[in-house]
Amino acid sequence: MKVYLLDNGYMSCDRNWIVNMATYATEKNRNPENVWTKMPVYCTLIDHPQGKFIYDLGMDRHINEYMHEIGRHQEFSFPYTYSKEQLLENQLALCNTTIDEIKGIVVSHLHYDHIGNLPLFHDIDVYVPKEDYENALVKGKAELYFDQYIKRDDIHYIPIDHNFTLVPGVEIVHLGSSHCPGLLGMLVELEEQNLFYPSDVLYTKENFGPPLRPRGREYDSLGFKKVAEEIRTLVNEKNAKIMYPHDIEEFETYKKAPAYYR
Ligand SMILES: [Zn+2]
C-alpha cells in the first residue's frame with residue numbers, strides 16, 4: 001500500500017481562527033497585532049492492492065466566487081490560493097492516477113474545504129459521517145454546506161456512525177461531536193509508520209498540546225476535549241504519526257506526491 005499526500009493549495013486567515021485567543025489585548029499591550037497565517041489543504045490517495053481511494057477532497061477551485069455569491073466574502077477572511085499543479089487531477093497525475101480510477105471516497109466531514117473537489121466525480125461511493133451529513137442537509141448554506149457537494153443525485157452517500165475497515169490496513173474511525181456533529185478520522189497501518197488523520201478535531205499540533213488549545217470557534221467545546229483525549233489514547237496505543245489537516249509547519253515536513261508513505 002502507498003499513501004500519497006496531494007497538495008491542494010492553502011487558505012489564509014487570522015491565526016485566532018486556528019488557536020483561540022492566540023493574540024489578545026492586555027493593559028500594557030492594548031492593540032496587539034493579529035497574525036495572518038496559512039492553512040494548507042490536502043487530500044490523501046490510498047493506493048491499495050484492493051483499489052484506489054481518496055480521503056478528503058480539499059477545496060473547490062471556484063470557492064472564492066461561491067463565497068462571494070452568498071455574501072460571505074471568503075476572499076477577505078479565508079481566501080483560497082492554489083496553482084495549476086495543485087489541482088486535484090494534476091496531483092493525481094503525479095501518482096499515475098486518473099479520476100476514473102478512484103474506487104471510493106471518504107470525507108472526514110462535509111465542510112467545503114474537505115469535499116470541494118466532489119464535482120470532479122460521478123457515480124461513486126462517498127462515505128460521510130452520519131451526524132454531520134444530517135446536519136448539513138438541514139443547515140445548508142447557512143453553515144457553509146453547499147448543495148453541489150451534499151445533494152448530488154449521482155453520488156452514493158454512505159452515512160457512517162461507527163468504525164469500519166475500508167480495506168485491510170485502513171481503519172475509518174468515527175469521531176464524536178467536536179468541530180462539527182461527527183467526523184471520520186482514519187488510521188493507516190503501514191510497514192514504515194502508522195498514520196492517524198484526526199481531521200479538523202485538531203487543525204494543528206498546537207491544538208493538541210498538551211495542554212489542549214481549542215480553535216477560535218468550536219461547535220462543541222466539551223466534545224472537543226473528549227474526542228481529542230480519545231485520539232491521544234489511540235495514537236499512543238498505535239504509535240501513530242498524526243497528520244494534521246491545517247498545520248503549515250507540520251505540512252512542510254510531510255512527504256508529498258509523488259513521494260509516498262508505505
Ligand atoms: Zn478544514
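Biologist: In what sense do strand E8 and strand E9 pair, and over how many bridges?

Modeller: Strands are DSSP runs of E of at least two residues, helices are runs of H or I of at least four, and both are numbered from the N terminus. Two strands count as paired if DSSP finds at least two bridges between them. Here E8 (residues 164-167) and E9 (residues 170-175) are antiparallel, with 3 bridges; Phe164 has Ile172 in E9 as its bridge partner. This is a predicted model, in which local features need pLDDT of at least 70 and side-chain atom pairs count only at pLDDT 80 or more, while totals for chains, interfaces and linings use all residues. Residues are numbered from 1 along each chain as its sequence is written.

Biologist: How many residues lie between E8 and E9 in the hairpin, and which residue in the turn has a positive phi?

Modeller: The hairpin leaves 2 residues between the strands, and Gly169 in the turn has a phi of about 95°.

Biologist: Which strand is joined to E9 by 6 bridges?

Modeller: That strand is E10 (residues 183-188), which runs antiparallel to E9. Within this pair, Val173 stands opposite Gly185 of E10.

Biologist: Which residues touch the most other members of the largest nonpolar core?

Modeller: A nonpolar core is a set of buried Ala, Val, Leu, Ile, Met, Phe, Trp, Tyr and Cys residues joined through C-beta atoms within 7 Å. Burial is a count of other C-beta atoms, placed from the backbone, within 10 Å of a residue's own: 20 or more is buried, 12 or fewer exposed, and anything in between partly exposed. The largest core has 65 residues, and Leu6, Val106, Val107, Leu110, Met186, Leu195 and Val201 touch the most other members. Over the protein, 37% of the 262 residues count as buried.

Biologist: With which residues is Val106 in contact, leaving aside neighbours within four places in sequence?

Modeller: A contact requires C-beta atoms, placed from the backbone, within 7 Å. Val106 contacts Phe53, Tyr55, Tyr127, Leu166, Ile172, Leu184 and Met186. Among contacts between residues at least 6 apart in sequence, 67% join residues at least 24 apart.

Biologist: Is Met21, a non-glycine residue with positive phi, buried or exposed?

Modeller: Met21, whose phi is about 60°, is exposed, because 9 other C-beta atoms lie within 10 Å. Its place is the loop between strand E1 (2-14) and strand E2 (36-48). Asp123 also has a positive phi, near 50°, and is in the loop between helix H4 (112-115) and strand E6 (124-129). Asp123 counts as exposed because it has 9 C-beta neighbours inside 10 Å.

Biologist: How many helices and strands does the protein have?

Modeller: The protein has 9 helices and 12 strands. Its radius of gyration, taken over C-alpha atoms, is 18 Å, close to the 18 Å given for 262 residues by the globule rule, so the protein is as compact as a globular protein of that length. That rule is 2.2 Å times the number of residues to the power 0.38.

Terms used:
Two residues are in contact if their C-beta atoms, placed from the backbone, lie within 7 Å.
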